[in-house]
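Welcome, and thank you for taking a look. Please have the sequence and the model open side by side as you read.

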Amino acid sequence: MNLDGPIMGRWERPFVRVLGGLAALTLLFIMLLTCADVAGRYLLNEPVPGALEVTEFVMGALIFTSLPLVTLRQEQVTVDLFEKFIPRFIKPAMHILLNAVSCACLAVISWRLWIKAGEMFSNGEFTAVLHVKIWPLVYYMSVQAAITAFVLFLIMLSQARSETTVAS
């Protein structure tokens, strides 16, 4: 179900530009690191130390940076096996309900990641090879999950508003 107009009002364009730019730079970094690692491994017989660990670390950041954008654009993967069996008049309410459940799930994920980041901070956890502290990434993931939950909430409100407009 695509929505007409911006969900976030005047904040949508800067939001998309900032997160989209950050995601693009993160992906560029991963690509350059991988190219350097492969070239170093096969041409110089000297891979980039800790490249796998850094790639894993930055991949987590990339996924959670992209999550609010994918959600805002409603480009997530969906499986609609049973949608053809659902009557057309029920579908709008079903989409609102599914967005509400998704919003609640992401809010819980954000909360649990925040708690986990605090535990990692307290325990002083770090990566095995490069000894990079993990908690900043997990806090970042928590914030991005919360932003995604908020985006889902806005989508849900927009869908509910459009349904009340259509019904009246």
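## How the helices are arranged

Let us start with angles: those under 35 degrees count as roughly parallel, those over 145 as roughly antiparallel, 65 to 115 as roughly perpendicular and the rest as oblique. The axes behind such angles are lines fitted to C-alpha atoms, for helices over the stretch in contact, and the angles run from 0 to 180 degrees between N-to-C directions. What you see is a predicted model, in which local features need pLDDT of at least 70 and side-chain atom pairs count only at pLDDT 80 or more, while totals for chains, interfaces and linings use all residues. Residues are numbered from 1 along each chain as its sequence is written, and side-chain values use heavy atoms, with hydrogens and water left out.

Helices here are DSSP runs (H or I, at least four residues), numbered from the N terminus. How do the axes of helix 1 and helix 2 cross? They come within 9 Å, helix 2 being residues 51–73, and the crossing is at roughly 155°. Helix 1 and helix 2 are therefore roughly antiparallel to each other. Their crossing is left-handed, a label used if the near helix is turned anticlockwise from the far one by less than a right angle (right-handed if clockwise). The residues of this contact divide into 17 nonpolar, 5 polar and 3 charged. For that count, Ala, Val, Leu, Ile, Met, Phe, Trp, Tyr, Cys and Pro are nonpolar, Asp, Glu, Lys and Arg are charged, and the others, Gly among them, are polar.

## Helix 1

The expected span of a helix is 1.5 Å times one less than its number of residues. Helix 1 has 32 residues and should span 46 Å, which agrees with the 45 Å between its end C-alpha atoms. Its buried residues (under 20% relative accessible area; exposed is over 50%, partly exposed in between, with a 1.4 Å probe and protein chains only) are Glu12, Phe15, Val16, Leu19, Ala23, Thr26, Ile30, Leu33, Asp37 and Gly40. When you look at that list, keep in mind that an α-helix has 3.6 residues a turn, so residues three or four places apart point the same way.

Arg17 is also placed in helix 1, which covers residues 12–43. Is Arg17 buried or exposed? Its relative accessibility is 60%, so Arg17 counts as exposed. Leu69 is 52 residues from Arg17 in sequence, with 9.7 Å between their C-alpha atoms. Glu56 lies in helix 2 and is exposed, with a relative accessible area of 52%.

## Loops and positive phi

Most residues other than glycine have a negative phi, and most peptide bonds are trans. Asn45 is exposed, at 66% relative accessible area. Gln74 is another residue other than glycine with a positive phi, near 55°; Gln74 sits in the loop between helix 2 and helix 3 and is partly exposed, at 23%.

The loop between helix 2 and helix 3 also holds Leu81, which counts as exposed at 56% relative accessibility. Leu81 and Arg17 are 64 residues apart in sequence, and their C-alpha atoms are 34 Å apart.

## Helix 3 and the cysteines

Helix 3 takes in residues 91–123; its 33 residues should span 48 Å, and the 47 Å between its end C-alpha atoms agrees. The buried residues of helix 3 include Pro92, His95, Ile96, Asn99, Cys103 and Leu106. Gly124 follows helix 3 and has a positive phi, near 65°.

How many disulfides does the structure hold? There are 0, a disulfide being a pair of cysteine sulfur atoms within 2.5 Å. Cys105 is in no disulfide, and the nearest cysteine sulfur, that of Cys103, is 9.3 Å away. Cys105 counts as partly exposed, at 43% relative accessibility, and Cys35 counts as exposed, at 54%.

Note on methods. Helices (H or I, at least four residues) and strands (E, at least two) are DSSP runs, numbered from the N terminus.
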